[in-house]
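I opened my notebook to record what I looked up in this structure.

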Amino acid sequence: MKHDFEPKIVAFVCTWCTYAGADLAGTSRMIYPSNVRVVKFPCTGRIDPVFILKAFQKGADGILVSGCHPGDCHYMAGNFHARRRFAVFRKLLEFIGVDLNRLEFSWVSAAEGGKWVEIVTDLTQKIRKMGPLTQFTDLADEEQWSGALSNPELKAVYDQV
Amino acid sequence: MSRIGVFICHCGENISRTVDVEQVAQAARQMTGVAYACDYKYMCSDPGQTLLKKAVAEHKLEGIVVAACSPRMHEKTFRNAAQAAGLNPFLCEMANIREHCSWVHDDRAEATTKATDIVRMLVERVRKNKKLVPITVPVTKRALVIGGGIAGIQAALDIADCGHQVVLVEREPSIGGHMAMLSETFPTLDCSQCIMTPRMVDVINHPRITLHTYSEIECVDGYIGNFSITIKKKARSVDMAKCTGCGVCMEKCPQKKIPNEFDKNLGFRPAIYVPFPQAVPNTPVIDREHCTKFINGKCGVCQKVCGPGAVDYEQQDQLVVEQVGAIVVATGFKLYDITEKPKGSAIKGYGEFGHGKIPDVIDGLTFERLASASGPTGGKIVRPSDGKEPKQVVFVQCVGSRAREKGISYCSKVCCMYTAKHTMLYKHKVHDGQAYVFFMDARTPGKSYDEFWRRAIEEEEAVYVRGMVSRVYQKGDKVVVMGSDIAVGVQVEIEADLVVLATAIQPRDGADTLAQKLGISYDKYNFYSEAHAKLRPVECATAGIYLAGACQGPKDIPDTVAQASAAAAKVMTLFSKDQLEREPIVARVNEKFCVGCLACKKVCAYGAVEEKEIRDRQGNLIRVVAYVNPGLCSGCGTCQATCPSKSVELDGYTDEQVMAMLDTL
């Protein structure tokens, strides 16, 4: 089935649980939308919030961060650090004006191929409905070219400067 | 780096069925930095790998992307192939276009686009990859074992028998631990001393074991392969080199009425003493708290009677430094003493069941001393209050254990079995006696364990009452035990002569302080935590430190011995090479930018981050920065994401590499 809009989804995953869970989905030949691009990390503890901003800036419409279940971290506590970090980061993202529905956090273990498929499918469908995220790409365009601004408010500000 | 080779695998038809591999190869050729791209039926096969090696030579490739299965499957294969071709193995990456693409998508066009995107991401990543070399750490082939109970003894003997030097440290004047206190052991009822004491002698006679008794760990420095341990040898007041162990001093000591801790205060000992006759080493120690010489200086009999002149009142505590490469922690357990609440204890329920008030309410270990042939009563089971033989004995299981409301939610694991054993030992010694057991559940998994428990009931006629005890009180010379039998639904009242409480097993006092010195983690009960509950049950998360016995959780003797041997095997694995080799995926600090906030140190679960002082030529301190010890770092990268100034980087997962991947979106 073809859709009007196919979102770009980036998944930041840890190598021990979620990456392995996604592998299991593959070996189990489960079918899910092809929109997701996986970036592998040793641990969710390694995932810098800047990566999420960068991905949004580079055109990602939805982002998934997924690691080991609490208590199952291969590095003992990396996922707890990640959880705290992203609890704060979500507030920041909300403040910037990004719809938090575009950012999903989950725990997928190496045994949960089915859960991986479910999460990716749900997120893809959700983002399809939400449409593309243009705030960052628009901003990037404006940053690069400072001529006529489409947004009158921004133009006024620009003229003042 | 700009000469990258892309190798796309068909995986038979597994990939090529849904992904147009030729088109992916075509697209790869257009990517920046790609010097060569091809597709092949089976990249992992011998001809496939040969093709890869040839291409590296022919096209002078500086990096490789193999688009095939999951890196979890064949990363090692292709990195080895890259190494064989003369490349640094860490310049080879895998693009997962099978598990993450061809197997999970059915639309050929979509899957091909995705596969191309994945390849592009990995090409960008490899362009930023750096050569990494495995980290080598020299290994001192000498082990430290902390704790001289059965766990420590087993580990020390195993390691020493393998040919390595072992330093064994014991807090008490003698090794032996709790096992030396036991009477007989389940499920075979063989005498504990008979199997324990020969092992203790093996330790002291072993040419490769250095024994430090009456000693404690003062300070631990270093890391895997290179620990430096400061041991405090407490003043024994007896010169171990001169003492022959004749025992005259103990006979002549005028102090005879000091409660003997080894006998759970049932018997007495002099002020100069060995804890028990089979003690190893058989050198007495002066209890300075009770010795008249130390109290008012008016005795000195032991020094006068000592032929070899071994008694030395002037002896001081001594600090000894030992260099070791690995540590086995085997500090064992203590029994939850419910008599009086210690200061600051989070656990409730002290003073229950009259323990501490009624003399005939004792704990399991005290019963062991009563039943032991080498105990204060010579193995005769009597009441501590009047020395009479008890005709009715009530055993209460799960005292403290599995009592969430009191603060201990775990099962102590061994009480069901040792209570069954106690009922048997009692019956064997008091033929007309009757044993009652109040229990919640009988947990008897283990070889011949359930049969043993059944035997206590069916052959030795112990009466098991399912239910808990509500109250224990003194009535005349009897101890009345009130409880419920929930199987029948009635209240039970037994007029007992003796009550034995199977109190919970807890880690030793000071387990937390020792853990902090060692830099290992422990749970809320102070039991030491293993690195992985299933796959790394004897290793600590801190590299080079291993666990054995009840310090990690309640355990019986066979489990303890098995774990101790497992820990010894881990130590021997570490000692099998002169250099320890580790994957170079570790964090590195950029000292130029580090401001020394040490946020990284706080999040590091491995204690790998240290403070490093930067000094000028005159030796003046300029500033403090973080330093990551590559011998300890496990490569999770939490420090990097935490660092506010971005001055720590995880090799193999640098910001540059991740950003390069994201740039392809």
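**Entry 1: the core**

Which residues touch the most other members of the largest nonpolar core? I looked this up and found B:A67 and B:V499. That core has 253 residues. I noted that the model is a predicted one. In general, nonpolar side chains in soluble globular proteins tend to be buried together.

I then listed the contacts of B:V499, leaving out residues up to four places away in sequence.

**Entry 2: chain B as a whole**

I counted elements next. Chain B has 18 helices and 34 strands. Its C-alpha atoms fill a box of roughly 95 × 75 × 45 Å along the principal axes. How many of its 665 residues count as buried? The share is 49%.

I also checked contacts between residues at least 6 apart in the sequence of chain B. Of these, 70% join residues at least 24 apart.

**Entry 3: the domains of chain B**

I wrote down the domain bounds. Domain 1 covers 4–128, and domain 3 covers 333–506. Domain 4 covers 583–663. Domain 2 is written in two pieces, 142–331 and 509–575.

How many residues of each are in contact? I found 7 residues of domain 2 in contact with 6 residues of domain 4. The domain 2 side of this contact has 4 nonpolar residues, 3 polar residues and no charged ones.

**Entry 4: two helices that cross**

Two packed helices are described by the angle between their axes and the distance between the axes. I looked up both for α6 (residues 150–161) and α15 (residues 557–575) of chain B. The axes come within 8 Å and cross at roughly 35°. Is the crossing of α6(B) and α15(B) left-handed or right-handed? I noted it as right-handed.

Then I looked up the residues that meet. From α6(B) they are B:I150, B:A151, B:Q154, B:A155, B:D158 and B:I159. On the α15(B) side they include B:I557, B:V561, B:A564, B:A568, B:V571 and B:M572. By class, the residues of this contact divide into 11 nonpolar, 4 polar and 1 charged.

**Entry 5: cis peptide bonds**

I went looking for cis bonds. The peptide bond from B:F186 to B:P187 is cis, with omega near 0°. Where does B:P187 lie? I placed B:P187 in the loop between β8 (184–185) and β9 (190–191) of chain B.

The bond from B:V280 to B:P281 is cis too, with omega near 0°. B:P281 sits in the loop between β15 (272–273) and β16 (285–286) of chain B.

**Entry 6: positive phi values**

I checked phi in residues other than glycine. B:K413 has a positive phi, near 70°. Its loop runs between β21 (392–399) and α12 (415–429) of chain B. B:K413 counts as partly exposed because it has 18 C-beta neighbours inside 10 Å.

B:E461 is not a glycine either, yet its phi is positive, about 60°. I found B:E461 in the loop between α13 (449–458) and β23 (463–466) of chain B. Is B:E461 buried or exposed? With 12 other C-beta atoms within 10 Å, B:E461 is exposed.

**Entry 7: chain A**

I turned to the other chain. Chain A has 6 helices and 4 strands. From the N terminus on, its elements run β-α-β-α-β-α-β-α-α-α. The C-alpha atoms of chain A fill a box of roughly 55 × 40 × 20 Å along the principal axes. Of its 161 residues, 45% are buried.

I repeated the contact check for residues at least 6 apart in the sequence of chain A. Here 81% of the contacts join residues at least 24 apart.

**Entry 8: where the chains touch**

Definitions and conventions. Residues are numbered from 1 along each chain as its sequence is written. Chains are lettered from A and ligands numbered from 1 in the order in which they are written. This is a predicted model: local features need pLDDT of at least 70, side-chain atom pairs count only at pLDDT 80 or more; totals for chains, interfaces and linings use all residues. Axes are lines fitted to C-alpha atoms, for helices over the stretch in contact, and angles run from 0 to 180 degrees between N-to-C directions. Helices (H or I, at least four residues) and strands (E, at least two) are DSSP runs, numbered from the N terminus. A crossing is left-handed if the near helix is turned anticlockwise from the far one by less than a right angle, and right-handed if clockwise. Two residues are in contact if their C-beta atoms, placed from the backbone, lie within 7 Å. Ala, Val, Leu, Ile, Met, Phe, Trp, Tyr, Cys and Pro count as nonpolar, Asp, Glu, Lys and Arg as charged, and the others, Gly among them, as polar. A nonpolar core is a set of buried Ala, Val, Leu, Ile, Met, Phe, Trp, Tyr and Cys residues joined through C-beta atoms within 7 Å. A residue is buried if 20 or more other C-beta atoms lie within 10 Å of its own, exposed if 12 or fewer, and partly exposed in between; C-beta atoms are placed from the backbone. Domain bounds come from an automatic or database domain assignment.
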